[in-house]
Amino acid sequence: MKFETMVLHAEGLVDKETGASSTPIYQASTFHQEDFDHPPTYDYSRSGNPTRHVLESLIAQMEGGKAGFAFASGIAAMTAVILTLRAGDHVVACEDIYGGTYRALTRVFSRLGIEATFVDATDLDQVAAAITDKTKMLLLETPSNPTLRILNLTDLATLAKDKSLITVVDNTFMSPYLQRPHDLGIDIVVHSGTKFLGGHSDVLAGLVTVKDEHLAKEVYLIQNGFGAVLAPYDSWLLLRGIKTLSLRMKQSQETAQKIALFLASHQQVRQVYYPGLPDHPGFAIHRAQAKGAGAVLSFELADQDAVKKFQQKLAYPLYAVSLGAVESILSYPSRMSHAAMPREERLKRGIRDGLLRLSVGLEDADDLLGDIEQALAQL
Ligand SMILES: Cc1ncc(COP(=O)(O)O)c(C=O)c1O
């Protein structure tokens, strides 16, 4: 079964009780039990909910994982994964990780005795040098946010195995339609389901998949023990969004490629970051490990003034936090996704004041290109 077919016909998608084509929303917190000798499959919705369960099983099948878990947001999913560690453990993370993950590591987990070191993970030697006898986890994101750097997942997974580290990849930018980290040896995959999986800017969600039974038990303990679970209705919204994931991804990616090419040749644009451009330093690695370059690109204008003027002249993209939706979304990382990162840390990662990130949606490609062209012409 190809991916496009699987997201429509995977095990569990047709309701077993009624044959309903759309998963019923079990809006219940608790479940009647016959007697204490016959524990039911579901007893309490924090521990398990039938609607959430269909989603969790689907994401596991989509990622090729052993088990899936749904959380109330992407950051809840990421923190649940980090919470499988213990005080005294150390994390090595790629330096241009999502700003919220950076904040959780540097301001919350550091208080609990879990320390993190951030490295340029495009350089295997830097990763190896940061590993100590306390390191337990390697936390990665490729393409990275917002500078779309590409990491070699196979090489990093091999290095991590050698040092007995658990590997985690935030696969939000790609979705399992374009990239399946478990197939490359990665242990845990995390998603902000708020983005491409939901796809319509109407739900906050997070997902985790794991490669083996032991990790499934660890993540389940945190999911049930900390309780940041995804609600039944929100699980249903995600199930609905996933049905059109491949079509949306294909279309948005095609337009993103056109926009990246256009921006790369425009004199007001200093730099374009998009792994679909052949001169991107990670082009070959990305091509080998993913099915496409995705629908997110970043580009740099002269400065903050240029950013403000450009944004105000645009007609179509939402100017907002987030990405991965039917409508295009333009965001300004230094004031939005990476505002939690100190300016000097941002600059080290190439997140300069002229940098904008565009998540390409489903608008007509010529309309979007025309809009960007007219806004740039007014700078
Ligand atoms: C790559 C990435 N990971 C994680 C998150 C966090 O997800 P959420 O906003 O659903 O908590 C985001 C949100 O922007 C993201 O872009």
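**View 1. The buried side of α8.** In α8, the residues tucked away as buried (under 20% relative accessible area, against over 50% for exposed and partly exposed in between, with a 1.4 Å probe and protein chains only) are L215, A216, V219, I222 and Q223. Looking down the axis of α8, these buried residues keep within an arc of 135 degrees, so they line one face of the helix; the arc is that of the directions from the helix axis to the C-beta atoms. This is a predicted model: local features need pLDDT of at least 70, side-chain atom pairs count only at pLDDT 80 or more, and totals for chains, interfaces and linings use all residues. Numbering starts from 1 along each chain as its sequence is written, and side-chain values use heavy atoms, with hydrogens and water left out.

**View 2. The other face of α8.** Turned away from the buried side are the exposed residues H214, K217, L221 and G225.

View 3. A polar side-chain atom of T194 sits 2.6 Å from a ligand oxygen atom. For S192, a polar side-chain atom lies 2.8 Å from an oxygen atom of the ligand, while G74 uses a backbone N or O atom, also at 2.8 Å from a ligand oxygen.

Definitions and conventions:
A polar contact is a pair of N or O atoms within 3.5 Å; within protein, one must be able to donate a hydrogen and the other to accept it, and residues adjacent in sequence count only if both atoms are side-chain atoms. Helices (H or I, at least four residues) and strands (E, at least two) are DSSP runs, numbered from the N terminus.
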